[in-house]
Amino acid sequence: MSSVVPRTSVLVKGPASVPPTIALTFDDGPHPEYTPRLLDSLADKGFKATFFLIGEKAAQYPYLVKRICAEGHQLGNHTWSHTEPATTSTASFLAEVQRTRAYLNDLTGRDIRIVRPPKGELTIGKVKGLWQRKESCILWNRDPKDYRMASKGELAHWYRTFQPVAGDVVLLHDNHPFAGECVEELAAALRPYGVRTVCLEEWLPNPSKNGRSGDSSQWQRPIVRESVSPANV
Ligand SMILES: [Zn+2]
């Protein structure tokens, strides 16, 4: 597998930088109610984050996409309709990614080259297709599964036991309320560690330069699953 898939195509965890940085990522938005609240809370704490948007939701709420950009956050591509990986062909997946990229480019002027596949599920063909289009796959290494939680208290509890490590990519969702409601608790969890939150672009090579730079250990082989996962990422 590694002979045909570039090791530089899938990011699971960022660099072990000093001082430590972590990446907060929010999937499945924008949401008309929860995303604005989340943005208010992130601004209050001075946190920066990356939003992996569903294209058709971005088209429904373009003002929220513009607000995300205006407040210094990064955009990512989460396909046009949150395709089910087990039943989506490589061609369909890549077409959805391209449609979302084109829409976000027209809307914001930004060329979005980071992709989070729904449920984090990839095949060799999908990874190769993204790489040929000079796009990077972004997965994660910390997942509280906020989409399964029934109350804000559950996420607050997860944060109380969260011990952040430099390079963590935390998966959260802004189509559910709890991530936005628990930013105070997240801030309290990070404070003792002196961790700074960054947009993913801070870890990625400058696309205007040739090749990829940085710590190659942050890039890993893709996770390839053929079966349907219960995850709802
Ligand atoms: Zn998702």
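**View 1. Packing of helix H8 in the predicted model.** The buried residues of H8 (183–190) pack against helix H1 (34–45), H6 and helix H7 (178–181). Helices are DSSP runs of H or I with at least four residues, strands are E runs of at least two, and both are numbered from the N terminus. This is a predicted model: local features need pLDDT of at least 70, side-chain atom pairs count only at pLDDT 80 or more, and totals for chains, interfaces and linings use all residues. Residues are numbered from 1 along each chain as its sequence is written.

**View 2. The buried face of H8.** Val183, Leu186 and Leu190 are buried in H8. Seen down the axis of H8, its buried residues fall within an arc of 55°, so they line one face of the helix. The arc is taken over the directions from the helix axis to the C-beta atoms. Buried means 20 or more other C-beta atoms within 10 Å of the residue's own; exposed means 12 or fewer; partly exposed lies in between, with C-beta atoms placed from the backbone.

View 3. Val195 sits in the loop between helix H8 and strand S8 (196–197). Val195 is partly exposed because 17 other C-beta atoms lie within 10 Å. Beyond its neighbours within four places in sequence, Val195 contacts Pro20, Thr21, Ile22, Pro164 and Leu190. Contact means C-beta atoms, placed from the backbone, within 7 Å. Val165 is 30 residues from Val195 in sequence, yet their C-alpha atoms are 8.4 Å apart.

**View 4. Leu139 in its loop.** Leu139 lies between strand S6 (136–138) and helix H6 (152–160). Leu139 counts as buried, with 21 C-beta neighbours inside 10 Å. Lys119 is 20 residues away along the chain, and 9.2 Å separates the two C-alpha atoms.

Terms used. Contact = placed C-beta atoms within 7 Å.
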